[in-house]
Amino acid sequence: MMSKGLFIRLLTLLAVAAGCGQGAGVDGLQVLRHTREIVRHGPHPPGSEAQRKAGEYIAGQLEALGLEVDTHTFRPVTPRGRLRMTNIRGILPGRDERVLILASHYDSKFYDAFEFVGANDGASTSGLVLELARVLVQDNPAGLTLWFVFFDGEEAVGEWSSADSLYGSREFVKREKNRGNLRKVGAMILLDLVGGKDLRILQEGYSTPWLNKIIWNQASRLGHERIFRSSGRGSHIEDDHLPFLRAGIPAVDLIDLSYAHWHKPTDTLDKLSGPNLEVVGAVVLASLPEIARQVKRK
Ligand SMILES: [Zn+2]
């Protein structure tokens, strides 16, 4: 028989142990679990049943965290006709009503010639945004209101052009502008293709310099220069941050286009690194207080 004192000590130990994998930081394994769920039903381009299920999973996870979830379905004209697309947003109110967005796209690109699930191209960063939401629900150091946003239709349906790409983020910016919410958005952090094993992130060319600076400073403070490379600026990459930049919102795209399996059938779960996703998550978290200070100053 166990004494009462020992029983209580055991309970405490169990509580601490349970907290270990689910602690204050980003858990790479948890990111990979979400990623697996998002690609579970195979290729999931806009309008597909698999994409509807991926969206349901994401919205369900946000709801389970107690967030207010808002989904918006729209049907833009594409080279494959009108397609049903759905943006998803989880809202975490902060002490301050000014908003910081953490975002990823969750669609996979259409390919007729082969199966493409986009494990890293969309799914891994959607998993990372879900995991960031879990951590930030426990403790939101920025104090800003946080929007966790999942865009549909980032990929071109045919050939990439300004009309055939970024459907979800363009729609999101347009809609929030019409609703008068855009002026509350102080900054946007976009994650794309940061789950690879040989991860190298350069400062993307369109991104707002002060956001890049804060993030790279934190990366170097935490000793992650091997991933967040400081050797010059990367190229200019068109991505879901562009509609925000065009609307005058500071935005940064953390992206590694040197990923060897980019837009290839080999972009599958086995190419991902939980530890690298964890590093990117940790750097983003560490950057939030300073980003919030900047946003409040403006
Ligand atoms: Zn892509």
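Donors are N, O and S atoms within 2.8 Å of the metal (3.2 Å for Na, K and Ca), and since water is not among the atoms, sites may look incomplete. This is a predicted model in which local features need pLDDT of at least 70 and side-chain atom pairs count only at pLDDT 80 or more, while totals for chains, interfaces and linings use all residues. Residues are numbered from 1 along each chain as its sequence is written, and side-chain values use heavy atoms, with hydrogens and water left out.

**The zinc site**

The zinc ion is coordinated by Asp 121 (OD), Glu 155 (OE), Glu 155 (OE) and His 263 (NE2), at 1.9 to 2.7 Å. Along the chain these donors follow the spacing D-x33-E-x107-H. Asp 121 is in helix α4, and Glu 155 is in the loop between β6 (144-151) and α5 (167-178), so that this pair, 34 residues apart, links distant parts of the chain. Helices (H or I, at least four residues) and strands (E, at least two) are DSSP runs, numbered from the N terminus.

What is the geometry of the site of the zinc ion? The site is irregular, with angles of 53 to 144° among its 4 donor atoms. Four donors count as tetrahedral if all angles lie between 85 and 135 degrees; four count as square planar and six as octahedral if opposite donors are over 155 degrees apart and all others between 65 and 115; anything else is irregular.

Are Asp 121 and Glu 155 buried or exposed? Buried means under 20% relative accessible area, exposed over 50%, and partly exposed in between (1.4 Å probe, protein chains only). Asp 121 counts as buried because its relative accessibility is 2%, and Glu 155 counts as buried because its value is 3%.

**Thr 125 in helix α4**

Thr 125 is placed in helix α4 (residues 119-138). Thr 125 counts as buried because its relative accessibility is 0%. Its side chain reaches the backbone oxygen of Leu 191 at 3.4 Å. Contact means heavy atoms within 4.5 Å. Leaving aside neighbours within four places in sequence, Thr 125 is in contact with Ser 104, Leu 191, Asp 192, Leu 193 and Val 194.

**Nonpolar cores**

A nonpolar core is a set of buried Ala, Val, Leu, Ile, Met, Phe, Trp, Tyr and Cys residues joined through side-chain atoms within 4.5 Å. The largest one has 58 residues, of which Phe 148, Phe 228 and Ile 291 touch the most other members. Helix α8 (residues 274-297) gives the most to this core, with 10 residues. A second, separate core of 16 residues includes Val 99, Trp 147, Phe 172 and Val 185. Not counting residues up to four places away in sequence, Phe 148 touches several residues, among them Leu 62, Ile 88, Val 129 and Leu 136.

**Salt bridges**

A salt bridge is a side-chain nitrogen of Lys or Arg within 4 Å of a carboxyl oxygen of Asp or Glu. By this rule the count comes to 14 salt bridges. Some of them are listed here.

| Salt bridge | N to O distance |
|---|---|
| Arg 98 and Asp 96 | 3.0 Å |
| Arg 175 and Glu 176 | 3.9 Å |
| Asp 270 and Lys 271 | 3.0 Å |

Asp 270 is partly exposed because its relative accessible area is 46%, whereas Lys 271 counts as buried at 18%. Salt bridges that share partners join Asp 70, Arg 89, Arg 175, Glu 176 and Arg 179 into one network. Arg 98 is partly exposed, with a relative accessible area of 29%, and Asp 96 is buried, with 15%.

Arg 175 counts as partly exposed at 21%. Not counting residues up to four places away in sequence, Glu 176 touches Arg 89, Trp 147, Asn 181 and Leu 182.

**Ser 207**

Ser 207 is placed in the loop between β8 (201-203) and α6 (209-221). At 1% relative accessibility, this serine counts as buried. A polar contact of 2.6 Å joins the side chains of Ser 207 and Glu 204. A polar atom of the Ser 207 side chain also lies 3.0 Å from the backbone nitrogen of Asp 253.

Note on methods: Polar contact = N/O pair within 3.5 Å; in protein donor to acceptor, adjacent residues only side chain to side chain.
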